[in-house]
Amino acid sequence: VESYLLLLAARRSPRTVDAYRRDLATLVAHRGGPAGEVTTDELDAWLARMRADGLAPSTIARRLAAARSYLKHLVLLGQRDENPAAEITPPRRPRTIPRTLSPAEVERLIEAASGSTPRAMRDRALVELLYGAGLRVSEAVGLERGSIDLDNRLVRVLGKGGKERVVP
């Protein structure tokens, strides 16, 4: 598992790797043995246990994704003939629409970053960029000077999963 997680670290964020580590540890604890030897029946029992424990569908889906990815890795290495998680359908996750800020909340946020000091001006520009362009905080923090086209009023953003988008 540790060698798989080291390989995963080259392609995923540290938080994802930590989550997969914990997820695979719960599988090991559930079956009382190595995660790489799990069967389809054991995976079904693991999922049923998580549902019975009241875990959120998103948590169950992520844990199944961790197991599926690890087992796929073992198949690619030739250490398993098949991936017992490949045919298991993850639970449906409810699609929730993010709550937006009210106009008054936006106004208060922008006013909180007002002032004439260089730091206050930076903060206001950052708040207006986050709100106006719909950026995540991590996207704004990761911006580089070359990503901003002031003439055309565009920002090239590197988002989740390394996906790039251009926003006004």
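Q: Which residues touch the most other members of the largest nonpolar core?

A: First, the ground rules. This is a predicted model, where local features need pLDDT of at least 70, side-chain atom pairs count only at pLDDT 80 or more, and totals for chains, interfaces and linings use all residues. Residues are numbered from 1 along each chain as its sequence is written, and side-chain values use heavy atoms, leaving out hydrogens and water. A nonpolar core is a set of buried Ala, Val, Leu, Ile, Met, Phe, Trp, Tyr and Cys residues joined through side-chain atoms within 4.5 Å. Buried means under 20% relative accessible area, exposed over 50%, partly exposed in between (1.4 Å probe, protein chains only). Here the largest core has 22 residues, and Y4, L27, L43, Y70 and L71 touch the most other members.

Q: Which helices each supply at least two residues of this core?

A: Helices (H or I, at least four residues) and strands (E, at least two) are DSSP runs, numbered from the N terminus. The suppliers are α1 (2–9), α2 (14–31), α3 (40–52) and α4. Helix α4 gives the most, with seven residues. A second, separate core has seven residues, including A133, V155, V157 and V167.

Q: What does Y4 touch, not counting residues up to four places away in sequence?

A: Contact means heavy atoms within 4.5 Å. By that test Y4 touches Y20, L24, A66, S69, Y70 and H73.

Q: Is H73 buried or exposed?

A: H73 has 14% relative accessibility, so it counts as buried. Its place is in helix α4 (residues 57–76). Beyond its neighbours within four places in sequence, H73 is in contact with Y4 and L7.

Q: Where does L154 sit?

A: L154 is in strand β2 (residues 154–158). It is partly exposed, at 31% relative accessible area. Leaving aside neighbours within four places in sequence, L154 is in contact with S147, I148, D149, V166, V167 and P168.

Q: How many helices and strands does the chain have?

A: Seven helices and three strands. Along the sequence the pattern is α-α-α-α-α-α-α-β-β-β.

Q: Why is the chain said to be more spread out than a compact globule?

A: Compare the radius of gyration, taken over C-alpha atoms, with the globule rule: 2.2 Å times the number of residues to the power 0.38. The chain's radius is 22 Å, well over the 15 Å that the rule gives for 168 residues, so the chain is more spread out than a compact globule. Along its principal axes the C-alpha trace spans about 65 × 35 × 25 Å. Of the 168 residues, 29% count as buried.
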